[in-house]
Amino acid sequence: MRSYLAVALGGLVGTGLRLACDLAFPHADDAFPVETLVVNLAGALALGWLVGGLWTRPSTPMWLKAGIGPGLLGSFTTLSAVTAALVVLGREGEWLTAVAYLLVSVLGGLAAAAAGLRIGSLIAHRPMPTEVTDAGETL
Amino acid sequence: MTGALSPLVVAAVLVAGAVGAVLRYALSRALPVRPGHLPGGILIVNVVGSAVAGALIGLAERAALDGDLRLVLVTGFCGGLTTFSTWSVETIELVDGGRWRAAALNVVMTLVLGIAAAAGGYLLVS
């Protein structure tokens, strides 16, 4: 139940952030949707980072993962805006823009997710700092 | 894009997005992904959300749906229901696990079914 509440709250925030980006960088229905692209790539990078890093720690509570993952980042990013934009671009005969948008979204999204997973994993699993206090009895 | 949005419309967009997110989470919990297999729940919400968004944009173009309502349902509900981040991260996790076929299937099915659904929804109301 707590997870569902966290997803709902995360959904509010993620949708709000995407709406803010939409309003700050509006685009016509038949133009290259730069804002959606940036939102989706940033969301994929951030989720990869968390899944590869913080999420791997057993101490991370389930509700926090749900609230930020499927909640905030899940609703911040969108697939329906991509597919719907492709349909409108196709109807307008903007095939080159449609193909470019599709390729950049898919390849960019996968690359961002892969980079995020690797960066998160590197940071989470870096060696323990050597300056750990040691009174000598463990040596 | 129309002029200033009323706070009520903004609130409605956010709530619609939260409802979409909760539905997506509920479905992904109801259809847990077996390790190394296609994330079916996310595929379903992405295809359904694409169909609904296509139909609503078609209606909006025919002036059968006003701008505020379009924002609530398309940007809010469909945007919250569908997700790009989970899809891309789960695809890379399949690749990292050596499940190339499942990863390729996740990409191809999401794109082909998602675009077909959006086009289908759009054409249905035209």
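In this predicted model, B:G79 touches A:R18, A:G74, A:S75, A:T77, A:T78 and A:S80 of chain A, together with B:V74 of its own chain, when residues up to four places away in sequence are not counted. B:G79 is one of two residues, the other being B:T82, that an unreviewed UniProt entry covers with the annotation "binding site".

- B:G79 lies in helix 3 of chain B, which runs over residues 67-81, whereas B:T82 lies in the loop between helix 3 and helix 4, the latter being residues 85-96.
- B:G79 has a relative accessible area of 1%, and it therefore counts as buried, since the cut-off for that word is under 20%.
- B:T82 is likewise classed as buried, because its relative accessible area is 0%.
- Leaving aside residues up to four places away in sequence, B:T82 touches A:G74, A:T77, A:T78, A:L79 and A:S80 in chain A, and B:R24, B:V45, B:N46, B:G49 and B:S50 in chain B.
- One of these neighbours, A:L79, has its backbone nitrogen 3.1 Å from a polar atom of the side chain of B:T82.

**The interface of chain A and chain B**

- Counted by residues, 46 from chain A are in contact with 47 from chain B, and the two chains bury about 3,700 Å² between them, with 75% of that area on carbon and sulfur atoms.
- Within chain A, the residues that lose the most area to chain B are A:Y4, A:L19 and A:L79, which together make up 17% of what that side buries.
- There are 2 salt bridges across the interface, and a salt bridge of 2.7 Å, taken from N to O, joins the side chains of A:R118 and B:D96.
- On the side of chain A that touches chain B, two or more residues come from each of helix 1 (2-24), helix 2 (34-52), helix 3 (62-76), helix 4 (80-91) and helix 5 (95-124) of chain A.
- Helix 1 of chain A gives the most to this side, with 12 residues.
- Sorted by class, the side of chain A that touches chain B consists of 25 nonpolar, 16 polar and 5 charged residues.

**A residue in helix 5 of chain A**

- A:S121 is found in helix 5 of chain A, and it counts as partly exposed because its relative accessibility is 29%.
- Although A:S121 and A:G52 are 69 residues apart along the chain, their C-alpha atoms are separated by 4.6 Å.
- A:S121 touches both A:G52 and A:G53, again not counting residues up to four places away in sequence.

**Annotated spans in chain B**

- According to an unreviewed UniProt entry, the feature "transmembrane region" is placed at residues 36-59, 71-89 and 101-125 of chain B.
- In the span of residues 71-89 of chain B, the end C-alpha atoms lie 27 Å apart, and the span is 84% helix and 0% strand.
- In the span of residues 101-125 of chain B, the end C-alpha atoms lie 36 Å apart, and the span is 100% helix and 0% strand.

Technical notes
Residues numbered from 1 in each chain as written. Chains lettered and ligands numbered in written order. Predicted model: local features only at pLDDT ≥ 70, side-chain atom pairs only at ≥ 80, totals over all residues. Heavy atoms only, no water. UniProt positions renumbered as here; feature names shortened; annotations may be inferred. Helix = DSSP H or I, 4+ residues; strand = E, 2+ residues; numbered from the N terminus. Contact = heavy atoms within 4.5 Å. Buried area = accessible area lost by both parts, 1.4 Å probe. Salt bridge = Lys/Arg side-chain N within 4 Å of Asp/Glu carboxyl O. Nonpolar A, V, L, I, M, F, W, Y, C, P; charged D, E, K, R; others polar. Buried < 20%, exposed > 50% of the residue type's maximum accessible area, 1.4 Å probe, protein only. Polar contact = N/O pair within 3.5 Å; in protein donor to acceptor, adjacent residues only side chain to side chain.
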